[in-house]
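Hi,

Here is the structure I promised to send over. Have a look, and my notes on the charged pairs follow below.

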Amino acid sequence: MTVLRNPPRRGFCASEFALRVQRMQSILQAEKLDAVFVTSPSNIRYFTGFDSQFWESPTRPWFVVVPREGSIIAVIPEIGAPEMARTWVEDIRTWPAPCPEDDGVSLMAATLSAVPRRFGRIGAEMGREMALRMPVSDFLALGRRMPGMEIVDGTPALWQARMIKTEAEIAHIRFICEVASDAYIGLPDLISVGDTERTAVKRLRADMCARGADSVPFMPAISGPGGVAQIVCGPQDRVLANGDVLFIDTGATYDGYFCDFDRVYAVGSIDDAARRANEAVWHATELGIRAARPGRTMESVWKVMAEALQDAGSIGNNVGRLGHGLGMQLTEPPSFREGEETVIQPGMVLTIEPGMEYAPGKMIVHEEDVVIMDDGAHLLTIRAPKEMPVIS
């Protein structure tokens with residue numbers, strides 16, 4: 001019998017959003033920005049609580065302006081006004097979209113030109129791991145319509161705000177991590193030797209949704225004798241055979257927040273080399289969790305894991321990093337990688353993701369999700385067992 005966990009309350013109260021905007025406005029002041037405007041679904045939802053399946057349509061742009069002082073402003077197509085009015089946002093300005101001749105550009109120019117001006121700089125989503133959800137030609141036209149105002153990269157300021165999660169955000173992420181953990185634990189009872197990778201994913205995805213996940217948009221599954229060559233593609237119709245390692249990664253969501261962690265399974269029995277590699281990666285994960293403490297840099301934690309993997313005989317790792325941030329996006333800054341000097345702070349939610357190729361084409365990767373507290377990293381996921389669970 002499936003045991004369901006109690007989910008946190010959906011949505012957030014007005015005081016939660018006010019806290020986010022207040023933090024953002026402090027950052028804008030420090031970064032000498034008069035405002036930042038956002039266009040992507042995750043950023044709009046972060047500041048307003050507005051969400052819609054209509055994001056799947058690329059026809060209409062949507063905008064939210066966070067000024068350095070004062071209330072936030074939604075500049076959106078008329079079709080979204082009734083639902084935006086249900087959020088905490090009071091200043092809602094609309095135009096009859098779609099209107100390719102002027103799809104909100106003049107309205108946005110007027111809105112941005114009217115914000116209290118001190119620095120003459122407006123931030124936008126122009127940097128890494130963010131994207132403008134508006135035509136580039138409209139973005140350029142917007143700049144031309146605001147003489148004396150410069151549009152600059154607001155990404156560092158946005159990530160500075162979003163990188164530190166509130167208690168309410170952490171509760172959402174903890175819930176979806178626990179839901180996915182429960183489903184992972186139950187997977188060996190749902191599949192057998194002779195099933196396909198695709199069958200495993202279908203059953204695991206359905207189980208996660210039955211347990212409380214809203215959706216599972218990310219679930220690559222790969223299998224191979226003793227390990228896998230990559231971890232981002234699949235599933236396919238490959239049949240699970242004795243001696244295989246089955247790798248499944250999961251990005252399931254609850255109320256707009258992701259988990260992101262994997263599990264590896266032994267199909268029947270595996271050889272000693274794969275068993276030793278799995279134990280080495282499990283140990284590197286343990287070291288990463290212990291090392292992820294406030295005040296340390298992301299690079300220093302990467303180094304702890306990388307050295308452990310190297311000592312265990314790693315011949316490579318094509319992932320490019322050993323973990324990252326997590327929240328309203330499946331992957332967020334910062335990254336556990338060489339050269340990443342971001343300082344770990346309480347409130348960060350991070351994935352600890354060491355992996356190693358121990359023989360050509362045979363890779364083992366482990367991943368857990370943690371929240372950083374004053375005393376170190378606390379697991380959000382249910383820790384993977386030291387030995388691979390067996391699919392029989």
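How many salt bridges are there? The count comes to 23, taking a salt bridge as a side-chain nitrogen of Lys or Arg within 4 Å of a carboxyl oxygen of Asp or Glu. Bear in mind that this is a predicted model, where local features need pLDDT of at least 70, side-chain atom pairs count only at pLDDT 80 or more, and totals for chains, interfaces and linings use all residues. Residues are numbered from 1 along each chain as its sequence is written, and side-chain values use heavy atoms, leaving out hydrogens and water.

Start with Glu16 and Arg20, whose side chains form a salt bridge at 3.0 Å, N to O. Both sit in helix α1 (residues 14–30), 4 residues apart, or about one turn of the helix; helices here are DSSP runs of H or I, at least four residues, and strands are runs of E, at least two, numbered from the N terminus. Glu16 is buried at 8% relative accessible area, and Arg20 is buried too, at 2% (buried means under 20%, exposed over 50%, partly exposed in between, with a 1.4 Å probe and protein chains only).

Next, Glu368 pairs with Arg263 in a salt bridge, with the closest N and O atoms 3.0 Å apart. That one links distant parts of the chain: Glu368 is in strand β17 (residues 368–373) and Arg263 in strand β11 (residues 261–267), 105 residues apart. Glu368 is buried at 1%, and Arg263 is buried at 8%.

Finally, salt bridges with shared partners join Arg10, Arg45, Asp51, Asp214 and Asp255 into one network.

Cheers
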